Amino acid sequence: MPSVTLTAKHNPKPAKMPKPAPAKMDGIVDYVRWLGRFTFSELPLCEADVFVLCVIAYYDLKPVLRSHGAENLRVRDCREQLLSGEVSIQITGGDMGNGAIFLAATESVRFGELLITDYSDIFEPAVPLQFTALTFHYRDSFSFIAYRGTDETIAGWKEDCMLSFTVTEAQRMAAEYAQQVIQPGRRYSMAGHSKGGNLVLYAACMLPPAAWEQVERVYILDGPGFCPEVLDQALIRRVDPKCTRIIPQFDVVGKLFEPQISDTRIVRSSAKGIL
């Protein structure tokens, strides 16, 4: 029998190794599910909590108020109507994952037990005026005022364009809301996203000294500022020590009349383009 020699076939090109999948960045839903079992007594309010509460502020809670009433309404009570679609988000671009954040919040101990009061939702296109705010309470510990940003209405966007040259009705209402809600003997934090960030800064600047003493922190999430003709910059310097401003990388909205806040932080974003 002739001998047979087997040789390995030479491949001059090394095999391509598959690229590793990019690491998934943990999001707010992961945070809520991870720490949702801890109360605010066990883990105090932090910036991630602020974002969750500002997300809830974008939802139309009137259907829940009609069915449950305004007394003793808690975040957890929104779950069923959120699942059914009766409670919908009021933001340009639609849900974009915020529904998962709100749902996780309703199912958590941390957020589910928060009491919701002073829900104000006013829309007057002729003015124009688009204003929404609500207050969360955790036992006798603290309260949290959240202002909604721009919704999908033309009136809301028109009001945004007016921020550059006049005091808007929404800004006036934001100031009045904080002055009416803040009660003696309680600690408060305040926050808003986008236009809501502008409203919360304006409201903070307009607070009388006694009410301002009760405010522990003001959070401005990607909110535009004010031109000098609209708001005295000395008022911003007065509230600056209690303010935290958070903006995403490659920021757009928060760079408009950028407010000079000492504690300004830039965070990584998983969104694309202007989002």
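**Helix packing and cores**

User: How does helix 1 pass helix 2, in a left-handed or a right-handed crossing?
Analyst: In this predicted model, the crossing of helix 1 past helix 2 is left-handed.

User: And what about the angle and distance between the axes of helix 1 and helix 2?
Analyst: Their axes come within 11 Å and cross at roughly 110 degrees. Because angles of 65 to 115 degrees count as roughly perpendicular, helix 1 is described as roughly perpendicular to helix 2.

User: Which residues meet there, between helix 1 and helix 2?
Analyst: From helix 1, Ile-28, Tyr-31 and Val-32 meet Ala-48, Asp-49, Phe-51 and Val-52 of helix 2.

User: OK, the core now. Which members of the largest nonpolar core touch the most other members?
Analyst: Those are Leu-61, Phe-102, Phe-111 and Phe-136, in a core of 41 residues. Several elements supply at least two residues each, among them helix 1, helix 5 and strand 3, while helix 2 gives the largest share, with seven residues.

User: What is Phe-102 in contact with, leaving aside neighbours within four places in sequence?
Analyst: Phe-102 is in contact with Ile-56, Tyr-59, Leu-61, Val-75, Cys-78, Leu-82 and Val-87.

User: How many residues are in the second core?
Analyst: That separate core has 37 residues, including Tyr-177, Ala-204, Ala-211 and Phe-226.

User: Switching to helix 8, which of its residues are buried?
Analyst: The buried residues of helix 8 are Ala-170, Gln-171, Met-173, Ala-174, Ala-175, Tyr-177, Ala-178 and Val-181.

User: And how far does helix 8 reach from its first C-alpha to its last?
Analyst: Helix 8, which has 13 residues (169–181), reaches 18 Å, close to the 18 Å expected at 1.5 Å a residue.

Note on methods. Residues are numbered from 1 along each chain as its sequence is written. This is a predicted model: local features need pLDDT of at least 70, side-chain atom pairs count only at pLDDT 80 or more; totals for chains, interfaces and linings use all residues. Side-chain values use heavy atoms; hydrogens and water are left out. Helices (H or I, at least four residues) and strands (E, at least two) are DSSP runs, numbered from the N terminus. The expected span of a helix is 1.5 Å times one less than its number of residues. Buried means under 20% relative accessible area, exposed over 50%, partly exposed in between (1.4 Å probe, protein chains only). A nonpolar core is a set of buried Ala, Val, Leu, Ile, Met, Phe, Trp, Tyr and Cys residues joined through side-chain atoms within 4.5 Å. Contact means heavy atoms within 4.5 Å. Axes are lines fitted to C-alpha atoms, for helices over the stretch in contact, and angles run from 0 to 180 degrees between N-to-C directions. Angles under 35 degrees count as roughly parallel, over 145 as roughly antiparallel, 65 to 115 as roughly perpendicular and the rest as oblique. A crossing is left-handed if the near helix is turned anticlockwise from the far one by less than a right angle, and right-handed if clockwise.
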